[in-house]
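Please look over the sequence and structure shown here, and then read the notes below, which are grouped by topic.

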Amino acid sequence: IFLSIMVEDVWSDLENANQIVLAALLTVVGCVVTFWGAKLFKFLIFFIGFAGGTFLTYLLLNNVLIETSLRVHLIISCAVGIAVGLVCVVVYKMAVFTTGAVVGLIVGQFMWQFVVAQFPDCFLMEHAEVYNTVLIIAFALVFGALSFKFLHTVLRGVTAFV
């Protein structure tokens, strides 16, 4: 209930904002993201994390019964916002690599199943678990690295439609 009261107060303040300025700002930012979104993607992820972390921390500090000055609230909020923004960028990089690695794992396992089905009497079958593991790890690392390599190529098309 307390959080819903805070959110309602924030929304009532936002409704009083100048809507023409907000619409113009969103139009300009939308055009920039449409044409240069891939180059600004990491910055946008950091900014979203920074804004969200700063805003939520400020709301929590401002509504908790801690008697400190506004300057302390803003400093703490900005520090938490920077930390959340950096975490978003790091998690983003990990997510890109992990997505590529999962694709590599699937492709590596598919290749191994092909080898097992086509060459059941091959010398590799003596230590099949070791070769299977090595093949999967190699494919996962290669595809994880390739996901970074081709990320900007894919983002150019994707950010234009998002």
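**An aromatic pair and a helix contact**

In this predicted model, Phe 139 and Phe 143 both belong to helix α5, which covers residues 128-149, and they are four residues apart, or about one turn of the helix.

- Four aromatic pairs are found when the whole structure is searched.
- The ring centres of Phe 139 and Phe 143 lie 6.2 Å apart with their planes at 20 degrees, and because planes under 30 degrees apart count as stacked, this pair is stacked.
- Phe 139 counts as partly exposed, at 24% relative accessibility, and Phe 143 is likewise partly exposed, with a relative accessible area of 25%.

**Helix α4**

- Helix α4 runs through residues 70-118, and its 49 residues reach 71 Å from the first C-alpha to the last, which is close to the 72 Å expected at 1.5 Å a residue.
- The buried residues of α4 include the glycines Gly 81, Gly 85, Gly 100, Gly 104 and Gly 108, and also among them are His 73, Tyr 92 and Trp 112.

**Packing of α4 and α5**

- The axes of α4 and α5 are 6 Å apart, and the two helices pack at an angle of about 140 degrees; they are therefore oblique to each other.
- The crossing of α4 and α5 is right-handed, and the residues of their contact divide into 18 nonpolar, seven polar and one charged.

Technical notes. Residues are numbered from 1 along each chain as its sequence is written. This is a predicted model: local features need pLDDT of at least 70, side-chain atom pairs count only at pLDDT 80 or more; totals for chains, interfaces and linings use all residues. Side-chain values use heavy atoms; hydrogens and water are left out. The expected span of a helix is 1.5 Å times one less than its number of residues. Buried means under 20% relative accessible area, exposed over 50%, partly exposed in between (1.4 Å probe, protein chains only). Rings of Phe, Tyr and Trp (its six-membered ring) pair if their centres lie within 6.5 Å; planes under 30 degrees apart count as stacked, over 60 as edge-to-face and the rest as tilted. Axes are lines fitted to C-alpha atoms, for helices over the stretch in contact, and angles run from 0 to 180 degrees between N-to-C directions. Angles under 35 degrees count as roughly parallel, over 145 as roughly antiparallel, 65 to 115 as roughly perpendicular and the rest as oblique. A crossing is left-handed if the near helix is turned anticlockwise from the far one by less than a right angle, and right-handed if clockwise. Ala, Val, Leu, Ile, Met, Phe, Trp, Tyr, Cys and Pro count as nonpolar, Asp, Glu, Lys and Arg as charged, and the others, Gly among them, as polar.
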